[in-house]
Amino acid sequence: MSLHKLLLVVLFALLLNSCKTADVVRVLDTLNQSQGLSQETVSAGLKQALQVGTENTVFRTNQNGGFSNNSLIKILVPEKLDKVASTVRKIGLGSYVDKFELQMNRAAESAAGEAKAVFFDAISGMSLQDAWGILRGGENAATNYFKQHTTRTLTNRFKPIIQTNMQKVGFYNDYNKLLDTYNALPFTDKQDLSIETYVTDKALSGLFTLVAEEEAKIRKDPVARTTELLRKVFSQQ
């Protein structure tokens with residue numbers, strides 16, 4: 001079987017942004033019939049593309065600034081503390097808020113490295129039906145698949161790393177200073193916030209936001225997003 005034919009099928013199958021889903025399905029079916037390619041072969045090509053996309057996501061987030069320098073996913077003070085943060089800034093203690101936010105983002109960046117293995121496990125465990133459901137599905141079909149199959153595992157892996165990371169950088173001392181200011185304000189309805197849960201949820205949200213970006217790139221320009229890896233895989237042809 002020509003591996004050039006395989007690459008052709010994968011590229012056509014991923015071009016979901018340039019034509020309707022029904023058109024893509026017809027292209028896939030036609031290519032399968034005319035080229036004699038199996039669904040398993042096309043599925044393998046999709047998995048390679050998804051490995052590229054998720055690896056890019058982990059690389060972008062698992063470094064200093066991966067969250068904090070990206071306005072799309074930067075973790076900010078919890079909404080319930082917005083008024084407190086504004087008040088703290090007004091009285092000249094804004095550096096505490098800035099450090100508080102930076103530490104949350106650093107914790108998320110540290111935990112993000114765990115995602116690669118989890119994503120790759122999800123890709124490895126992807127059934128033929130799953131793969132074709134993604135190919136024939138909506139523009140976020142792959143991202144939704146990852147959310148469904150990795151959220152629980154990512155949460156379990158992220159939370160202890162985030163907690164440990166925040167403790168190492170003195171997070172709790174700074175957070176307690178912020179809470180002291182919060183508790184001193186004349187509010188009667190004060191809520192106990194679980195920062196570990198908040199940062200974990202935001203980290204996962206940011207991660208899936210970038211996974212969706214990578215999926216969009218694959219669908220819009222599959223050659224640019226997958227050729228490098230596919231060339232390595234098919235270099236022996």
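Is the crossing of H6 and H8 left-handed or right-handed? To follow along, know that this is a predicted model, where local features need pLDDT of at least 70, side-chain atom pairs count only at pLDDT 80 or more, and totals for chains, interfaces and linings use all residues. Residues are numbered from 1 along each chain as its sequence is written, and side-chain values use heavy atoms, leaving out hydrogens and water.

Start with helix H6, residues 115-124; helices here are DSSP runs (H or I, at least four residues), numbered from the N terminus. Its buried residues (under 20% relative accessible area, with a 1.4 Å probe and protein chains only) are Ala115, Val118, Phe119, Ala122 and Ile123. Seen down the axis of H6, they fall within an arc of 140 degrees, judged by directions from the axis to the C-beta atoms, so they line one face of the helix. On the other side, Asp121 and Ser124 are exposed, that is, over 50%.

Now look at helix H8 (141-168), one of the helices that the buried residues of H6 pack against. The axes of H6 and H8 come within 10 Å and cross at roughly 145 degrees; axes are lines fitted to C-alpha atoms over the stretch in contact, and angles run from 0 to 180 degrees between N-to-C directions. The crossing is right-handed, meaning that the near helix is turned clockwise from the far one by less than a right angle.

Finally, find Phe146 in H8. Its contacts (heavy atoms within 4.5 Å) include Phe119, Ala122 and Ile123.

Definitions and conventions
Helix = DSSP H or I, 4+ residues; strand = E, 2+ residues; numbered from the N terminus. Lists of a residue's contacts leave out its neighbours within four places in sequence.
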